[in-house]
Amino acid sequence: MRTRIPLLVCLVSGIIMFAQYFSSHPIAKTVYNGILEWWQIIFAFTMFVGVAAFIRNSLKNMRRKGEAPYRVAALVGLTLMPLLALIGGTKFGSPFLWAFDNMIAPMQSTVFSLLAFFVVSASFRGFRARTIPATILLLTALIVLIGRIPIAELISESFPKLTFWIQSYPSMAARRAILIGIGLGSMTTALRVILGIERTYLRGE
Amino acid sequence: MDIGVLTAGILTLAIYSFLYKDNPVYKMAESWLIGLSIGYALVIFWQTTIIDILIVPLFKDGRVVLVIPFALGLLMFSRFSRGSSWLSRIPIAFMIGAGAGVAIPAMLYARTLKQMSASVMPLITENGGFNIEALVVAVGLLSTLAYFYFSREHKGPIGKTAKLGTYFLMIFFGATFGYTVMSRMSTFVGRVDFLLTDFLHVIR
């Protein structure tokens, strides 16, 4: 029962969502939209389960040496946002949006930009033109790097054009082949999941 | 100075302190960001999904059928109970099954057929010229697909085509790398501009 019920639910929901694609009847559209709504609701609950697990783990790990201040900071931050939303709402000019604009957004973009340093330093250590494929990779990366900055036009007018050509044709060809592979792989996996052959999602309670 | 700019500036510097080395100021800012982001997501999910899609239609509009996803959602919490944690498999199975059902036609259309049709371009143009780009795309696509074809050993013509495919893959990886680094760099320029202009007033 512990395995059969989930497998049956997976099979039924999968077949319904697959079959609706072949029908333009209003009932099919209603069923499709209804299941999408259900999906969103359950997804929100999975988010809440994740938050609960995060709080539980933070409280548990607080006993570890030197961890307590960071765990407290995370928990305070987690509590602060719902509190701000509760007090001032989430409309324009509210404390909730102030916290997003002046704390979350700047920190997120800073962390994002921080990765530039690590990517560059890792590639500086890792990139070596020892083989033909490695040399092609290195040269393409250099051309695209230089081609996407304003100084490229000063070096040569054809630099940005070459960058555009590389990205639009040879790079795009390989990208499309990868996407076709992903598409075929995803379809196969989806079919295996619906038919109950792929059951890895049933592990780990 | 505006309190918002001051807060954003201090937090930006706290994150950048990691460039020196891993330190408590960075760790504190990182934990703060994690907590705030989860709190933000919590509020957004609560408002846009639980209130707008579940509570209002269920209790105000009387859409009783929404009791089912509500119950399925609550079953997710059974993960915290050892004896009944298997019940959480039911909503997970529903989500995965529905997602897989949608994925089959969507993947067939967007990732396979659309990509194939976009790659088929005329080799001879309207004015009789040769379209080199069309040839590059066709050769690149077929050779890269040959590289991912594992049902036969990469020897002879297939081996040579697959090797050509690796060159196209390297071009793709190199171009993607360059593009990614430049996008991160532009974000970095934006942050430095904020620090020097709005926060420190070095640039006016």
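Axes are lines fitted to C-alpha atoms, for helices over the stretch in contact, and angles run from 0 to 180 degrees between N-to-C directions. Helices (H or I, at least four residues) are DSSP runs, numbered from the N terminus.

The model is predicted: local features need pLDDT of at least 70, side-chain atom pairs count only at pLDDT 80 or more, and totals for chains, interfaces and linings use all residues. Residues are numbered from 1 along each chain as its sequence is written, chains are lettered from A and ligands numbered from 1 in the order in which they are written, and side-chain values use heavy atoms, with hydrogens and water left out.

**Exercise 1. Describe how H8(A) and H4(B) pack.**

Step 1: Find helix H8 (residues 170–194) in chain A and helix H4 (residues 89–119) in chain B. Their axes lie 8 Å apart, at an angle of about 155°.

Step 2: Classify the angle. Under 35 degrees counts as roughly parallel, over 145 as roughly antiparallel, 65 to 115 as roughly perpendicular and the rest as oblique. H8(A) and H4(B) are therefore roughly antiparallel.

Step 3: Sort the contact residues of H8(A) with H4(B): 17 are nonpolar, 7 polar and 2 charged. Here Ala, Val, Leu, Ile, Met, Phe, Trp, Tyr, Cys and Pro count as nonpolar, Asp, Glu, Lys and Arg as charged, and the others, Gly among them, as polar.

**Exercise 2. How much area do chain B and chain A bury between them?**

Step 1: Buried area is the accessible area (1.4 Å probe) that two parts lose on being put together, summed over both. For chain B and chain A this is about 10300 Å², with 82% on carbon and sulfur atoms.

Step 2: Look at who takes part: 106 residues from chain B and 104 residues from chain A. In chain B, B:Arg89, B:Phe94 and B:Arg184 lose the most area to chain A, together 7% of what that side buries.

**Exercise 3. Which side chains meet in a salt bridge with N to O at 2.8 Å?**

Step 1: Apply the rule: a side-chain nitrogen of Lys or Arg within 4 Å of a carboxyl oxygen of Asp or Glu. The side chains of B:Arg63 and A:Glu37 meet this way.

Step 2: B:Arg63 lies in the loop between helix H2 (24–60) and helix H3 (67–75) of chain B and A:Glu37 in helix H2 (residues 26–61) of chain A, so the pair joins two chains.

Conventions:
Contact = heavy atoms within 4.5 Å.
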